[in-house]
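Hello,

Here is the structure I promised to pass on to you. Have a look at it first, and then read on for what turned up.

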Amino acid sequence: FVEPHCAFADRLRLCCGGGITPAPALRDLREEDVRRAGGRPSSELDGRLLDAMRTLTDEPLSMVALAAEVGLSPQRLRALARQQLGMPLTRWRGWRRLARSAEALREGRPLSGAALEGGFADQAHLTREMRRMMGLTPADVVRALRPSATARRVDRDRAVDR
């Protein structure tokens with residue numbers, strides 16, 4: 001899963017097109033392979049869209065208020081987000097909330113803490129949204145983000161079975 005507003009996403013859009021697209025040929029990429037490009041903001045995004053994204057990250061605003069904040073009409077801001085991110089800003093905001101929760105899970109926080117970190121009402125809400133947007137449960141995400149912790153748990157379980 002790649003942030004839609006990073007430099008690596010720009011390169012993906014060139015080879016795969018816009019929108020959310022599976023890229024099976026890139027399945028073997030490791031986090032280290034894309035970290036540098038994935039951490040830099042896209043140079044191709046309109047500055048007003050970047051401002052809207054930063055504002056939306058900090059506080060929930062209506063589209064009308066957000067558009068006024070960055071000097072665009074709500075319709076133009078919606079169109080800009082779809083054109084440059086490949087998704088509506090509301091979906092992007094949901095993606096960012098899931099990313100905050102996933103980071104909390106990677107750090108070892110419990111599911112309830114990860115849900116709060118992402119701004120979800122509870123664990124069930126986080127689980128539903130993660131499954132809907134990513135096709136994964138929080139347990140799947142923990143396994144993917146913390147393979148060493150999973151390996152230790154498997155080793156511990158094997159030792160108990162002996």
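A residue counts as buried when its relative accessible area is under 20%. Please keep in mind that this is a predicted model.

Let's begin with Gln84, which is found in helix 5. Its relative accessibility is 16%, so Gln84 counts as buried. The side chain of Gln84 reaches the backbone nitrogen of Asp46 at 2.7 Å. Leaving aside neighbours within four places in sequence, the residues in contact with Gln84 are Arg13, Glu44, Leu45, Asp46 and Leu49.

Gln84 also takes part in the packing of two helices. The axes of helix 3 and helix 5 lie 10 Å apart, at an angle of about 100°, which means that helix 3 is roughly perpendicular to helix 5. Helix 3 brings Leu49, Ala52 and Met53 to this contact, while helix 5 brings Leu77, Leu80, Ala81, Gln84 and Leu85. Sorted by class, 7 of these residues are nonpolar, 1 is polar and none is charged.

Now for helix 4, which spans residues 63-70. Which of its residues are buried? They are Met63, Leu66, Ala67 and Val70. Seen down the axis of helix 4, these buried residues fall within an arc of 100°, so they line one face of the helix. An α-helix has 3.6 residues a turn, so residues three or four places apart point the same way. On the other side of helix 4, Val64, Ala68 and Glu69 are exposed. Helix 3, helix 5 and helix 6 are among what covers the buried residues of helix 4. After helix 4 comes Gly71, with a positive phi near 80°.

Enjoy exploring!

Technical notes. Residues numbered from 1 in each chain as written. Predicted model: local features only at pLDDT ≥ 70, side-chain atom pairs only at ≥ 80, totals over all residues. Heavy atoms only, no water. Buried < 20%, exposed > 50% of the residue type's maximum accessible area, 1.4 Å probe, protein only. Helix = DSSP H or I, 4+ residues; strand = E, 2+ residues; numbered from the N terminus. Arc of directions from axis to C-beta. Contact = heavy atoms within 4.5 Å. Axes fitted to C-alpha atoms, helices over the stretch in contact; angles between N-to-C directions. Parallel < 35°, antiparallel > 145°, perpendicular 65-115°, else oblique. Nonpolar A, V, L, I, M, F, W, Y, C, P; charged D, E, K, R; others polar. Polar contact = N/O pair within 3.5 Å; in protein donor to acceptor, adjacent residues only side chain to side chain.
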